[in-house]
Amino acid sequence: MKAKPTAPLSIIIPTLNEAAYLPKLLASIHRQSLQPIEVIVADAGSTDRTVQYAAEFGCIVVKGGLPGIGRNAGARVAKGEYYLFLDADVILPPKFIELALKEFERKY
């Protein structure tokens, strides 16, 4: 299977007990036509399977807080040129990252 192209983008997701939602978001990221260089989950001390799901999907997990503290914690370790901050309860359409970067680069 051919590897998908990578975008200079870090995705940062603040979480707290998001096991019901996070796997769906991470699966939608995995299906993107253009992959982020990393997905960072900034967890605020979940007691459910949030951190385990993040690890299973290969995410970087850092200690976070809700939601601004988590976003900042993720941004401190992010390596991308661009940051995309997402809540755990969203699902991305398959070309979201590709189209968002094209639009960003077109405008800026």
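# Strands, cores and aromatic pairs

Reader: Which unit do strand 2, helix 2 and strand 3 make?

Author: This is a predicted model, in which local features need pLDDT of at least 70 and side-chain atom pairs count only at pLDDT 80 or more, while totals for chains, interfaces and linings use all residues. Residues are numbered from 1 along each chain as its sequence is written, and side-chain values use heavy atoms, with hydrogens and water left out. Helices (H or I, at least four residues) and strands (E, at least two) are DSSP runs numbered from the N terminus, and a crossover is right-handed if, with the strands pointing away from the viewer, the path from the first strand over the helix to the second runs clockwise. Strand 2, helix 2 (residues 50–56) and strand 3 make a right-handed β-α-β unit.

Reader: What is the bridge partner of Ile40 in strand 3?

Author: Two strands pair if DSSP finds at least two bridges between them; strand 2 and strand 3 (residues 60–63) run parallel and are joined by four bridges. Within strand 3, the partner of Ile40 is Ile60.

Reader: Which residues have the most contacts inside the largest nonpolar core?

Author: A nonpolar core is a set of buried Ala, Val, Leu, Ile, Met, Phe, Trp, Tyr and Cys residues joined through side-chain atoms within 4.5 Å, where buried means under 20% relative accessible area, exposed over 50% and partly exposed in between (1.4 Å probe, protein chains only). The largest such core has 20 residues, and those with the most contacts inside it are Ile11, Ile13, Leu22, Ile29 and Leu86.

Reader: Is Ser28 buried or exposed?

Author: Ser28 lies in helix 1, and, leaving aside its neighbours within four places in sequence, Ser28 is in contact (heavy atoms within 4.5 Å) with Ile91 and Leu92. Because its relative accessibility is 0%, Ser28 counts as buried.

Reader: How many residues apart are Tyr82 and Phe104, which form an aromatic pair?

Author: Rings of Phe, Tyr and Trp (its six-membered ring) pair if their centres lie within 6.5 Å, and planes under 30 degrees apart count as stacked, over 60 as edge-to-face and the rest as tilted. By this rule there are two aromatic pairs; in one of them, Tyr82 and Phe104 are edge-to-face, at 5.0 Å centre to centre and 75 degrees between the planes. The pair links distant parts of the chain, with Tyr82 in strand 4 (residues 82–85) and Phe104 in helix 4 (residues 96–107), and the separation is 22 residues.
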